Amino acid sequence: MAAAASPTPTKALPPLRVAITGGAGQIAYSLVFMIARGGVFGDRAVDLRLLDIEAASDKLRRAPSLPKRNFTALTRLDQNRTAGMLAAKIGVPVSMIRNAVIWGNHSATQVPMVTFATVEEGRAVETVAARLGEGGERWVSEELVPGVQQRGKEVIAARGASSAASAASAICDHIRDWVMGSDGRVVSMAVSSDGNPFGVREGLIFSFPVVIEAGGAWRFASGFTIDEATRSAIEATQSELLEEREAALAATA
């Protein structure tokens with residue numbers, strides 16, 4: 001009997017070079033282990049480059065030559081906190097929560113939005129509002145929204161440092177979806193506001209609900225209408241970002 005031929009080995013991909021700024025900080029201390037064990041890029045080998053602040057500043061001088069769409073900022077930590085509070089309130093795993101999103105800045109003015117959030121159990125989809133029942137809207141406005149907005153401050157007050165591990169985990173979620181795609185899921189990511197359909201001023205890095213294709217191409221999510229109260233909150237966080245932008249430009253002039 002002839003022996004079966006051995007399968008031809010698949011050519012391994014070259015290591016992916018990954019730069020982490022603030023490499024000596026608490027968040028990076030948690031993040032490097034998550035990346036190294038495959039938490040972002042799976043089995044692909046990575047070549048980690050940790051940069052200190054001075055080195056990172058030097059690299060950023062090249063930023064004007066890069067497309068605006070190549071820049072994103074993290075609001076996934078805030079989305080994860082929002083989904084976590086919803087899941088705990090209605091008694092389901094956090095993995096079942098969809099379409100809980102963050103608008104605006106990563107600050108106390110951010111706008112957590114659960115108007116279109118759903119609970120997905122297998123093929124069954126139910127709105128979070130239906131699960132919350134009577135008093136749900138009040139709980140969202142009085143507990144969930146301020147709870148997410150102030151969570152970072154509370155953690156620092158409790159432990160004297162930021163929530164490094166949860167921030168590192170959120171960075172992994174953010175980068176994994178940006179590189180691999182969000183598989184049709186809506187996620188929160190601060191991106192260039194240019195061309196957005198939500199009425200936000202252009203020229204900002206602003207958190208929106210987005211959908212990401214494999215390879216990093218993202219688009220603004222559809223189906224998110226904005227009521228009057230949410231519009232007012234979005235305008236407040238927009239004003240804060242405009243002020244921060246002007247202060248940054250003045251400092252570098």
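1. Start with Glu121 and Arg131: they form a salt bridge, and their closest N and O atoms sit 2.2 Å apart. (A salt bridge here is a side-chain nitrogen of Lys or Arg within 4 Å of a carboxyl oxygen of Asp or Glu.) Glu121 belongs to strand 6 and Arg131 to helix 4 (residues 128–132), so the pair ties together parts that are 10 residues apart in sequence. Helices (H or I, at least four residues) and strands (E, at least two) are DSSP runs, numbered from the N terminus.

2. Before going on, a word on the source: this is a predicted model, where local features need pLDDT of at least 70, side-chain atom pairs count only at pLDDT 80 or more, and totals for chains, interfaces and linings use all residues. Residues are numbered from 1 along each chain as its sequence is written, and side-chain values use heavy atoms, with hydrogens and water left out.

3. How exposed is that pair? Glu121 is partly exposed at 36% relative accessibility, and Arg131 is partly exposed too, at 29%. For the cut-offs, buried means under 20% relative accessible area, exposed over 50%, and partly exposed in between (1.4 Å probe, protein chains only).

4. Strand 6 (residues 118–121) also holds Glu120, whose partner Arg98 is in strand 3 (residues 97–98), 22 residues apart.

5. Arg138 is exposed at 58%, while Glu142 is partly exposed at 49%.

6. How many salt bridges are there in the whole structure? A search finds 13. Arg17, Asp47 and Arg49 are linked in a network of them.

7. The protein is divided into domain 1 (16–60) and domain 2 (75–251), with bounds from an automatic or database domain assignment. Between the two domains the salt bridge count is 0. They bury about 900 Å² between them, 77% of it on carbon and sulfur atoms. (Buried area is the accessible area, with a 1.4 Å probe, that two parts lose on being put together, summed over both.) Gln26, Ile27 and Val40 supply 49% of what domain 1 buries against domain 2, more than any other three residues.
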